[in-house]
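Have the structure open and follow along.

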Amino acid sequence: MTSEVSANPNAAAQAPAQGSPPLPAATVRLIALLVGAAFVVILNETIMSVALPELMVEFAVTAATAQWLTTAFMLTMAVVIPFTGWLLVRLPLRSVFVVAMSTFTAGTLFASLAVVFPMLVAGRVVQAIGTAIMIPLLMTTVLNVVPADRRGRTMGVISIVIAVAPAIGPTVGGLVLEVLSWRWMFWSVLPIGIVALVAGAVLIRNVTEPRSIPLDVLSGVLSAVGFAGIIFGLSSIGEAASGNALISPWIPVVIGAVALAVFVWRQLALKDYALLDVRAFTFPTFTVSLVLMLISMMSLFGTLILLPLYMQQVLGTSTLNSGLALLPGGLIMGVLGWFVGRAFDRIGPRPLIIPGSILASAGLWGMFTTFSDGSSLVLVVAWHIVLSVGLAFLFSPLMTSALGSLPPHLYSHGSALLNTLQQVAAAAGTALFITVMTIGIVSGAETGLGGVAAQMTGVHNALLLGAVISLVPIVGVFFVRNSAQTEGPATAPAAH
């Protein structure tokens, strides 16, 4: 039974009478602590989005430059996460947690003291290093301590962290900015980070056995250059559209793509000693589920940065109200994450992701067809809820299907690949939405439109892009198997 469940995370749905017993109390405490800490660190990924207009004025920067507070966060995570596969094998669980939370806390303190824009970005980068370590740490731990027939509900909780924390980030930021300065976005998080750090150092026990494995430095360099180049280039497209880019954004994109191609070749050559084992892509369920999740992340993050700008700059909404407008969707996504995870354990992914893909697309098409410079906040809230419900039905099943289709020796590498590419997708979504919006604004101004009308043209164009992209998962979900199976090399190499 054990080997069967390991190969099939939906085994419980096929043999409910042989389900595993409840999780031990120590395991529940471990997961709860990791989930709580991860929620706090990921919340900071988007908490600055509602503060962009205020920061643009205070530091005299453009929207394309200000978005680097979010993009630099994601870029750093994409660079650091590939190292976590090695880190989680090499160091005890408690040591990895302490490194993650102490780094995040230090970055939070540094950002709160920023006096110039580059210093604020630097603080965000240090925060991101800790966040990058925390997410694969959480996923790998769950895959190691939670039986396969209970992973759906546990991954449902993790999906709240992965998707809902960024979704309610703008709301938290709006509430803070209503009564305090943007620095309190960091001061309010600092004591929570310290408490989590101390609690983890005292309570966390190691559930994996560290092994001494070599770190391939060349792979690390190629990975950093590849992911950084692609995200930097994509994020610079917006600055290029507004005439502020120093170089063509396609130069770093091409350099990054070449570096990643060499990186993949080297990982295949290193085999069992790869920094990031790309052989996980030989499992079709992993690959298809991951691609669909990346497209969904592009829609989520692109919308999260676009809607606050639309509400504040086009509708004239206050920072607080624009943040509160995104709260219902975020809360609904969180509540559904739990129920969707439990449903996945019973019925598998397809009955969930098919309607989810349709609802997510409907939300974006609804925004595109109905938003105008005279729209009400009620309309914004309604369509954001539709989008959030659709994404809630997509995230947890796709994530569980992707990772559950891998054999145990690829868990850490699979979670590292998933989280690295999520950051690339999030950065791409942010960059594409901002770029299309900026081009639309410039084009509208050149044709004689007023400020608000030009802004609305840019927002409309960006929403059209998101709506078109959202059509891909509607087709792709039919290629996700109802039962994840070990489809590739199922035998763990001796080195692992």
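## The largest cavity

By class, 8 nonpolar, 3 polar and 2 charged residues make up the lining of the largest cavity. Here Ala, Val, Leu, Ile, Met, Phe, Trp, Tyr, Cys and Pro count as nonpolar, Asp, Glu, Lys and Arg as charged, and the others, Gly among them, as polar. Of the 13 lining residues, W86, I213, P214, Y273 and A274 lie nearest the centre of the largest cavity. Helix α7 (residues 84-90) gives the largest share of this lining, 3 residues. Domain 1 (24-211) and domain 2 (217-274) each contribute at least three residues to the lining; the domain bounds come from an automatic or database domain assignment.

The largest cavity holds about 90 Å³ of space. A cavity is a set of points, on a 1 Å grid over the protein atoms alone, where a 1.4 Å probe fits but cannot get out, and lining residues have an atom within 4 Å of a point. A volume is the space filled by probe spheres set on the points, with grid points joined across faces, edges and corners.

## How to read the model

This is a predicted model, in which local features need pLDDT of at least 70 and side-chain atom pairs count only at pLDDT 80 or more, while totals for chains, interfaces and linings use all residues. Residues are numbered from 1 along each chain as its sequence is written, and side-chain values use heavy atoms, with hydrogens and water left out.

## The second largest cavity

The second largest cavity has a volume of about 70 Å³. Its lining includes I295, S357, L387 and P473. Two or more lining residues come from each of α15 (284-314), α18 (350-370) and α19 (377-404), and α18 gives the largest share, 4 residues. Helices are DSSP runs (H or I, at least four residues), numbered from the N terminus. Which classes line this cavity? There are 7 nonpolar, 5 polar and no charged residues.

## Where α15 meets α19

The axes of α15 and α19 come within 9 Å and cross at roughly 155°. Therefore α15 is roughly antiparallel to α19, a term for angles over 145 degrees.

Terms used
On a 1 Å grid over the protein atoms alone, a cavity is a set of points where a 1.4 Å probe fits but cannot get out, and a pocket is an open set with protein on both sides within 12 Å along at least five of seven lines; lining residues have an atom within 4 Å of a point. Axes are lines fitted to C-alpha atoms, for helices over the stretch in contact, and angles run from 0 to 180 degrees between N-to-C directions. Angles under 35 degrees count as roughly parallel, over 145 as roughly antiparallel, 65 to 115 as roughly perpendicular and the rest as oblique.
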